[in-house]
Amino acid sequence: MHSKKQDPVKYYVGIDVGSASVRAALVDEFGTVVAHADQPIQIWEPQPDHYEQSSADIWAACCSVTKRVVCGVDASRIRGVGFDATCSLVVVDKEFQPLAVNCEGQNHRNVIMWMDHRAVSQVECINATQHRVLSYVGGVMSVEMQPPKLLWIKENLQESCWEKAGYFFDLPDFLSWKATGVTARSLCTVVCKWTYTSDGGWDDSFWKMIGLEDLVKDKYEKIGNHVLSPGEPVGKGLTPEAAKDLGLPEGIAVAASLIDAHAGGLGVIGADVKGHNLPCENQPITSRVAMICGTSSCHMGVSETPIFVPGVWGPYFSAMVPGLWLNEGGQSATGKLIDHVVRGHVAFPELQSKAAASAHSIYTYLNSHLDLIKKSLPVGFLTVDLHVWPDFHGNRSPLTDLTLKGMVVGLTLSRGLDELALIYLATIQAIALGTRHILETMQAAGHHITTLFLCGGLSKNPLFVQMHADITGKPVVLSKEVESVLVGAAILGACASGDFASIQEAMAKMGRIGRVVQPNHEHRRFYDKKYKVFLKLVDHQREYRSIMNS
C-alpha cells in the first residue's frame, strides 16, 4: 500500500501596522510563524498632543517587510493576505492623493495618529449632545475616535483639507484599499471608531447634530457606504500593481481588515486550552478576556448578548468575533509609560551600560536587579511605600477622563539603580491595578471573566505577566506565538481564501497557547491593600483639583 501523499502546507501573510513599525509574517495553516520581518515608520510630533504619519511611508514599509517574508517561498502556496493597523485617520483627496492634516500644508503627513489628542474641545462638544450613539462607546466618546478628529479638520483646515478631501479612511481600511482598489470598509473599524451599527448603519441625526452634515449628503461615500465583516474577501483580491509592490501573486485573496488590538484578540482568544486545568476550559469563549499590551493596552471581552459597561467601549456586534458582542477597555499609555519612567530616570545611563555589559535588554536587567534587592520578600512587596497612578496620558477606561494626570507617592532623595528598579516595578503594578479596575467594572456590568489571554510586546516581560496574574487573581495564558497580532491578521487572510469555513474554525486551529502563569494567591492581601491605595489616589487627585478650582 502506498502512503497517502500529504498536501503541501498552505501559507497566509499577516501585515500589522503598529504605532512605530510595520511587521509582516508568513504563517502556516497551523498558526506557526514561519518568517517574520519589521521596519520602523516615521512619526511627526509638530506640537504637543499632535501625532502624524505618512500613508506613503506606511505602505512602502508594508511592501518592504512583505517581500522579505515571502522571499524564496513557492508563491502558489500563499493563499491570502490580512491587514491590521492602528485606528489612525488617513485623509486623501478625490484622486486618492495624500492631503495635509496640519497647518504647515505638508501633504505627505496625511495621517492623524490614534494617540493624537488635538480634538479635545471637539470631543467635549460631541459628548455634550448625549446622542444615543454614545451608549455604544461606554457613554462617552474618546478623543482617539474619528468623529472628533473629523470635526477638528473641518473647524481648523476647512479649505486646505476638509473641502478637498475625497475619502477619510481608518488606516486598516486604507491598506485593504491599497491592496485591492476597493473602498469597502471593515465592520470592525466603522463600528468601533466611527459610530456605525451593524443593524442600523450610519445615524444621520448624529452627524447633523455635531456639524458634519456634509458627510450625510453624499450618502457617506467619504467615510464608507460599503461595509464588510472582518475576514470577508475584498474585491477580486490583489491588484496587479499591489501584487508587484508586495511581491505576491496577483489576485490572491485580501481580507476585510481589523484594528491591531482586535487582530491580537483574534490570534489568542479562541485557542484550545484542553489539558491546562484552566477555569475557562469547557466554558464559552465569553469567560476570557484578551489583553493586547504594547505602546498602549486593550482589554477585549465578548458576550452573547449586548452588555453596556460604563466607561468601556462597546458593545460592538461582530467587531472581532462574528456573532458575538465586543466590549473594549483600554489604557492609553502602558509600554510608552514604562519607557517614559525608565528612560527619564537619572540612573538610566548606568542601567544602559550595565545591561549592555551583561548582554541583556534593559528590562531583563531590571527584573534581575529586583530579584537581587528583594532579599527574602516577594518582589512585588518592595513597593509597600511607593504608589503610582498611571494616567500620564489621561484615562481611557473605566473613568473616561482625559484630564487625569499621572501620580507618584513615596519618592526619596535616592537616585541610584535600586530606586529606578523600584519605580519601574511600581509602574508595572499600577498598570496591572488599572487592568483590575477595568475587569471589575466589566464584571459588575455582567461579564463573567475567569482567565486572561495576553499578547503583544509587554507579554514578553515575565514581571509584567506575573504582576497581572497576582493583582487580578486570574491565570494568564500566553500564546505559543508571541506575535499573536500577526497570527490574527493571517487568520483573516485564511478566512478570505476560503480555506476555513469560519473565523471561529480558523481561530481554534491557528491560535495556540504556550505558557500559563498562575497567580500567587498568598499575595492577595498585599495587592488588595495596594488596590485600595490605587483607588484613593484618583479620589485625591480629583479632590486637589476641586480645591484649586474653588
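Predicted model: local features only at pLDDT ≥ 70, side-chain atom pairs only at ≥ 80, totals over all residues.
Residues are numbered from 1 along each chain as its sequence is written. Local features need pLDDT of at least 70, side-chain atom pairs count only at pLDDT 80 or more, totals for chains, interfaces and linings use all residues, and side-chain values use heavy atoms, with hydrogens and water left out.

The cores come first. By nonpolar core I mean buried Ala, Val, Leu, Ile, Met, Phe, Trp, Tyr and Cys residues joined through side-chain atoms within 4.5 Å; buried is under 20% relative accessible area, exposed over 50%, partly exposed in between, with a 1.4 Å probe and protein chains only. The largest core has 91 residues, and among those touching the most other members are Phe168, Trp207 and Tyr316. Helix 16, residues 484–497, gives the largest share, 9 residues. Helices here are DSSP runs of H or I, at least four residues, and strands are runs of E, at least two, numbered from the N terminus. Another core, of 61 residues, lies apart and includes Val309 and Leu386.

Next, helix 12, residues 348–357. Phe348, Leu351 and Ala355 are its buried residues. Helices 11, 13 and 14 are among what covers the buried residues, by contact of heavy atoms within 4.5 Å.

Last, Glu52, in strand 4. Is Glu52 buried or exposed? Glu52 is buried, at 1% relative accessible area. Its side chain makes a polar contact with that of Arg118 at 2.9 Å. A polar contact is a pair of N or O atoms within 3.5 Å; within protein, one must be able to donate a hydrogen and the other to accept it, and residues adjacent in sequence count only if both atoms are side-chain atoms.
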